[in-house]
Amino acid sequence: MMADLPVRIVDGRVVTERGIGPVAMVWLPVNGQVIAKIPPRKGNRRWLHETVGIRSPDFNGDRWQLPRSSLVRLVTAAVDRYGFIVLYRDMSRLSQCTRACLEATGAECQCSCLGQHHGQDAAGWFERVGDAVVAERGECTRTAVVYGARGSDVDAAVYHGELAGEHYRVDPAGRWSWPTAARFMCASCMTVRAAVWDHCHTHGFVRAPLCNRCNTRYWRGWRPQHGRTTHSRNLDDSYYSWCPKSTEERRRCSA
């Protein structure tokens, strides 16, 4: 794996570039439930239930046991929340790589390519940002793949509310008409290209496209009102107004 990637696997450990912060890690065994280890944060159960759409998330120790059917939604939501996610997959060495693998739209893969070709023809909401790390585990092979937000080749534009009024979704069907966040400049700092879609956790509406640093600054403690140093002089939270409910609340408070 290239050394300049923001998140990489080094000797089996997840290493992140300074400023990235902790990322989610998910293990998909050959059989059974998905095992997820996500950074400790208030509201994780609510996030899994309301955002990812898991009816009864099961927490055991420091890990969550989640249904396999939630994997694609979990990866999509985790990329929006943390910027990156590391997905470990155990694959049977006897399985075969087929055209279905190349055209896959989800993150689950059980084929001989070890995830190298999985979903490469798909227009999903996340993409590989690092090569697979392979380890032999008896009858199966384990890969570790880093996923990040899907990029864009077009010039970044200023966001003008293209998704205003849209409810935040993590399922492919709900996002099929959305532009990628990377089509826009970050709506907060306006200095770099956006990477993920931010949303209002209270009302559930899409707010704006943000870069990874701006998206994580509040829950990592970068609060300028407390006198802490911000990552950018262009700090601007006016993008909150793209949530229609937030605008209504501000009107009532000012009345």
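**Exercise 1.** How many bridges join strand 3 to strand 4, and which way do the two strands run?

*Solution.* First, some ground rules. This is a predicted model, where local features need pLDDT of at least 70, side-chain atom pairs count only at pLDDT 80 or more, and totals for chains, interfaces and linings use all residues. Residues are numbered from 1 along each chain as its sequence is written, and side-chain values use heavy atoms, with hydrogens and water left out.

Step 1: find strand 3 at residues 24-28 and strand 4 at residues 34-37. Strands (E, at least two residues) and helices (H or I, at least four) are DSSP runs, numbered from the N terminus.
Step 2: count the bridges. There are three, and the strands run antiparallel; two strands pair if DSSP finds at least two bridges between them.
Step 3: look across from Val26, and you'll see Ala36 in strand 4.
Step 4: check the hairpin, with five residues between the strands, where Gly32 takes a positive phi near 95°.

**Exercise 2.** Which residue in strand 6 stands opposite Ile35?

*Solution.* Strand 4 and strand 6 run antiparallel, joined by three bridges. Opposite Ile35 you'll find Gln65.

**Exercise 3.** Why are the buried residues of helix 1 on the same side?

*Solution.* Step 1: in helix 1 (residues 44-51), pick out Asn44, Trp47, Leu48 and Thr51, which are buried (under 20% relative accessible area, 1.4 Å probe, protein chains only).
Step 1: they share a side of helix 1 because they cover an arc of only 105° around the axis, taken from the directions from the helix axis to the C-beta atoms.
Step 2: just after helix 1, spot Gly53, with a positive phi of about 85°.

Definitions and conventions
Buried means under 20% relative accessible area, exposed over 50%, partly exposed in between (1.4 Å probe, protein chains only).
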